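Here is a short report for a reader new to this structure. Take a look at the sequence and the model, then read on.

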Amino acid sequence: MREAGMNQARRGRPRDAQVDERVLRTAAGLLLERGYNGLSIDEVAERAGVAKTTLYRRWPTKDHLAVAVVARLQDDDGIDDTGDIRRDLTDYMEKIADALNRMRSAGRTAGRDDRSAGVVAELVAAGARHDDIGEMGRQVYARRNALALGLIERARLRGELRADLDAAVLLDQLAGALYYRVLVTGAPVDRAYAERLVAAALDGAMNRKEIPPCP
């Protein structure tokens, strides 16, 4: 009995998913309202009604908490498969653009016009500062990419896309262009850009018989 009790003590109590949800929801609100600099673990703990020690055990730095918030938001955002690869990829790129815009404008005055990447750049830097955060980010993107790659693969099997298409390269072309504009050029990303981006990429990826004739 004593050995069983010691084993149970070593394992500890299971993590409370409700606490995680409450903390991440509170942190998301603060991050979007105040930006990265305005996010405080102590204030999140107070607003969420959780002991600070509980937060620090789960997320030892603000970097860890911010990345966990974004991972949670991404997991909530699904990928639709309507059977029309052009529409579905455009919709997905628009979702990525919306998420990037939400993060780049977090904490800024409405209507402010600048080209800063805002929280997007902070999250990339966090992954560079902490190896475990970098790995967390890669796992998040691996889950998201698996969904998008499945979408592309099903379109390839339907004959919409070339049989020899490299789905990973196509996805890199699309998502990479959005991140490049936000992180490097500061140019806007929106539905119109997503449409142009997908159209340009699919011109080289579509099965030739599926490309509509020029008017």
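## Overall makeup

Buried residues make up 39% of the 215 residues in the protein. The model is predicted. The protein has 10 helices and 0 strands. Along the sequence, the pattern reads α-α-α-α-α-α-α-α-α-α.

## Helix α5

Helix α5 covers residues 62–75. The helix has 14 residues and reaches 20 Å from its first C-alpha to its last. That is close to the 20 Å expected at 1.5 Å a residue. At the N-terminal end, Thr61 caps α5. A side-chain oxygen of Thr61 lies 3.3 Å from the backbone nitrogen of Asp63.

Is α5 largely enclosed or largely open? Of its 14 residues, 10 are buried, so α5 is largely enclosed by the rest of the structure. The buried residues are Asp63, His64, Leu65, Ala66, Val67, Ala68, Val69, Val70, Ala71 and Gln74. What covers them includes α2 (17–34), α3 (41–48) and α6 (85–104). The cover also includes α7 (119–129), α8 (131–158) and α9 (167–185).

Asp75 also belongs to α5.

## Helix α6 and Arg104

Helix α6 has 20 residues, which should span 28 Å at 1.5 Å a residue. The end C-alpha atoms of α6 are 28 Å apart, which agrees. At the start of α6, a side-chain oxygen of Asp84 reaches to within 3.2 Å of the backbone nitrogen of Arg86. Buried residues in α6 include Ile85, Asp88, Leu89, Thr90, Tyr92 and Met93. Ile96, Ala97, Leu100, Met103 and Arg104 are buried in α6 too.

Arg104 sits in α6. Why does Arg104 count as buried? Its relative accessibility is 7%, and buried means under 20%. A polar atom of the Arg104 side chain lies 3.3 Å from the backbone oxygen of Gly186. Set aside neighbours within four places in sequence, and Arg104 is in contact with residues including Arg115, Ser116, Ala117, Gly118, Val119 and Val120. Other contacts of Arg104 include Arg181, Val182, Gly186, Ala187, Pro188 and Val189.

## The largest pocket

The largest pocket has a volume of about 780 Å³. The elements that give two or more residues to its lining are α5, α6, α7, α8 and α9. Which of them gives the most? Helix α8 does, with 8 residues.

In total, 30 residues line the largest pocket. Val70, Gln74, Leu100, Tyr141 and Tyr179 lie nearest its centre. Among these, Val70 and Gln74 are buried residues of α5, and Leu100 is a buried residue of α6.

Arg58 is in helix α4, which covers residues 52–58. Arg58 is buried, with a relative accessible area of 18%. What does its side chain reach? The Arg58 side chain makes a polar contact with the side chain of Asp20, at 2.6 Å.

Arg129 is in helix α7. At 45% relative accessibility, Arg129 counts as partly exposed. Not counting residues up to four places away in sequence, Arg129 touches Tyr36, Asp63 and Glu122. Asp63 is 66 residues from Arg129 in sequence. In space, the two are 8.8 Å apart, C-alpha to C-alpha. Asp63 is also one of the buried residues of α5.

## Asp172 in helix α9

Asp172 is found in helix α9. Is Asp172 buried or exposed? At 55% relative accessibility, Asp172 counts as exposed. The C-alpha atoms of Asp172 and Asn145 are separated by 9.6 Å. The two residues are 27 apart along the chain.

Definitions and conventions. Residues numbered from 1 in each chain as written. Predicted model: local features only at pLDDT ≥ 70, side-chain atom pairs only at ≥ 80, totals over all residues. Heavy atoms only, no water. Helix = DSSP H or I, 4+ residues; strand = E, 2+ residues; numbered from the N terminus. Expected span 1.5 Å × (residues − 1). Buried < 20%, exposed > 50% of the residue type's maximum accessible area, 1.4 Å probe, protein only. Contact = heavy atoms within 4.5 Å. Polar contact = N/O pair within 3.5 Å; in protein donor to acceptor, adjacent residues only side chain to side chain. 1 Å grid on protein atoms, 1.4 Å probe; cavity = no way out; pocket = protein on both sides within 12 Å on 5 of 7 lines; lining within 4 Å. Points joined across faces, edges and corners; volume = space filled by probe spheres on them.
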